[in-house]
Amino acid sequence: MNEVLIRKAKKGDKDAFCRLMDENVQSMYKIAAAYLKNDEDVADAIQDTILSCYENLRSLRKNRYFKTWLIRILINKCKDVMQKNKLVTFMDQIPETPFHEEYETIECLQALEPLDSKYRLVVILYYMEEFNIREISNILDLPENTVKSRLHRGRKKIAEIYGYKIKEERA
């Protein structure tokens, strides 16, 4: 993460803030897509996250935790969208064009689709976003052992779904 950009953005440099968001939009898309099923909701969550980050960037105490802070906001916005969707019944689902065209990402997300969302999110944060267990624990506000369990179960479920043989470790 670019510390200089974060410092500039905190001082009100709009270009620096835009560059920070550009650097993180793919990560935000992957995570939001793990929570939300349609691209319109994903775009809404990302847009709300960017606005919230812009308005609250000065409240970030340690610049090195910018991405963790950003992802935490995104997850909360995704939960808000999910809650709002529970209250609304859609009469018609119109196919949307994807918010972000990156086939590798789309294929990975599709491969993870069969997983329960709690496992899918941990797998995405760990493997695609390269957060460590402690960081994921902080982002999701879960104990580290819960993150480890979900990661293990997610791996095991993926192996079962796609017919991979896994070797269980014996204690």
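This is a predicted model: local features need pLDDT of at least 70, side-chain atom pairs count only at pLDDT 80 or more; totals for chains, interfaces and linings use all residues.
**Arg150**

Arg150 is buried yet has no salt bridge. I take buried as under 20% relative accessible area, exposed as over 50% and partly exposed as in between, with a 1.4 Å probe and protein chains only. A salt bridge needs a side-chain nitrogen of Lys or Arg within 4 Å of a carboxyl oxygen of Asp or Glu. Asp116 is the nearest side chain of opposite charge, 7.3 Å away. For charge, I count Lys and Arg as positive and Asp and Glu as negative, leaving out His and the chain ends.

I placed Arg150 in helix 8 (residues 144-162). Helices here are DSSP runs of H or I with at least four residues, strands are runs of E with at least two, and both are numbered from the N terminus. I then listed the contacts of Arg150, leaving aside neighbours within four places in sequence: Lys118, Tyr119, Val122 and Leu142. Contact means heavy atoms within 4.5 Å.

**Ground rules**

I number residues from 1 along each chain as its sequence is written, and side-chain values use heavy atoms, without hydrogens and water. Local features need pLDDT of at least 70 and side-chain atom pairs count only at pLDDT 80 or more, while totals for chains, interfaces and linings use all residues.

**Helix 7**

Which residues are buried in helix 7 (residues 133-140)? I found Ile133, Ile136, Ser137, Ile139 and Leu140. They lie on the same side of helix 7, because they cover an arc of only 165 degrees around the axis. The arc is taken from the directions from the helix axis to the C-beta atoms.

I checked both ends. At the start of helix 7, a side-chain oxygen of Asn132 comes within 3.1 Å of the backbone nitrogen of Arg134. After helix 7 comes Asp141, with a positive phi near 55 degrees.

**Thr49**

Thr49 is in helix 3 (residues 39-56). Is Thr49 buried or exposed? Thr49 counts as buried, because its relative accessibility is 0%. A polar atom of its side chain lies 2.7 Å from the backbone oxygen of Ala45. Beyond four places in sequence, Thr49 is in contact with Met28, Leu70, Ile73, Leu74 and Lys77. I also noted that Lys77 is 28 residues from Thr49 in sequence, yet 6.5 Å away in space, C-alpha to C-alpha.

**Whole chain**

I counted eight helices and zero strands in the protein chain. Of its 171 residues, 40% are buried. Among contacts between residues at least 6 apart in sequence, 63% join residues at least 24 apart.

Definitions and conventions. A polar contact is a pair of N or O atoms within 3.5 Å; within protein, one must be able to donate a hydrogen and the other to accept it, and residues adjacent in sequence count only if both atoms are side-chain atoms.
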